[in-house]
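Here is a short report for a first look at this structure. Keep the sequence and the model side by side while reading.

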Amino acid sequence: GGGGGSTAMATSWKSKSDSFRSAMRNARKISEAQAKGIDVRTLTTLEETPEADDRVLCQHCGRKFNAITAERHIPKCANIINKPKAIGVGAAPRTAVPGRGAAQGAATR
């Protein structure tokens, strides 16, 4: 059957459902406005759908985790001395080690 699950899971599902329904209503309003020849930028009745993010931010590395994983990660991350730099725009691409092809690396393991 469909048992009673946890309230956090139920509220998460509910917020995702409400967000989806709001997005569908907005899309319908935009389609109707376009069909009538109204400029979409002038619509003021669109609903805002803020993205609910229940993840915990690690103050040391800036990554987000669910609550259980954050409990394990944050204490360990606080003690890491050589943290890798954040991967972003302009970061150097990873290169293969010379002389180590995929076939050779698999054969030596």
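Of the contacts in the chain between residues at least 6 apart in sequence, 11% join residues at least 24 apart. Contact means heavy atoms within 4.5 Å. Buried residues make up 10% of the 109 residues. Here buried means under 20% relative accessible area, exposed means over 50%, and partly exposed lies in between (1.4 Å probe, protein chains only). The chain exposes about 9,800 Å², and carbon and sulfur atoms supply 57% of that area. Accessible areas come from the Shrake-Rupley method with a 1.4 Å probe; for residues, only the protein chains shown count as cover.

This is a predicted model: local features need pLDDT of at least 70, side-chain atom pairs count only at pLDDT 80 or more, and totals for chains, interfaces and linings use all residues. Residues are numbered from 1 along each chain as its sequence is written, and side-chain values use heavy atoms, with hydrogens and water left out.

**Confidence and layout**

The mean pLDDT of the chain is 75, and 64% of its residues reach 70 or more. pLDDT is the predictor's confidence in each residue, from 0 to 100. Where pLDDT is low, the predicted coordinates should not be read in detail.

The chain has three helices and two strands. Along the sequence they follow the pattern α-β-β-α-α. Helices (H or I, at least four residues) and strands (E, at least two) are DSSP runs, numbered from the N terminus.

**Helix H2**

The 12 residues of H2 should span 16 Å at 1.5 Å a residue; the end C-alpha atoms are 17 Å apart, which agrees. The expected span is 1.5 Å times one less than the number of residues.

Which residues of H2 are buried? They are Ala70, His73, Ile74 and Cys77. They cover an arc of only 105° around the axis, which puts them on the same side of H2. The arc is that of the directions from the helix axis to the C-beta atoms. These buried residues pack against strand E1 (56-57) and strand E2 (64-65). On the other side of H2, Ile68, Glu71, Arg72 and Lys76 are exposed.

**Helix H1 and its loop**

Asn26 is found in helix H1 (residues 7-36). Glu47 lies in the loop between H1 and E1. Leaving aside neighbours within four places in sequence, Asn26 is in contact with Leu46 and Glu47. On the same terms, Glu47 is in contact with Ser22, Arg25, Asn26 and Lys29. Glu47 and Arg25 are 22 residues apart in sequence and 8.1 Å apart in space, C-alpha to C-alpha.

**Accessibility of selected residues**

| Residue | Relative accessible area | Class |
|---|---|---|
| Cys77 | 3% | buried |
| Asn26 | 11% | buried |
| Glu47 | 30% | partly exposed |
| Cys61 | 32% | partly exposed |
| Lys76 | 60% | exposed |

**Cysteines**

How many disulfides are there? The count comes to zero. Cys61 is in no disulfide; the nearest cysteine sulfur, that of Cys58, is 3.6 Å away. The sulfur of Cys77 is 3.8 Å from the closest cysteine sulfur, also in Cys58, too far for a bond. The rule asks for a pair of cysteine sulfur atoms within 2.5 Å.
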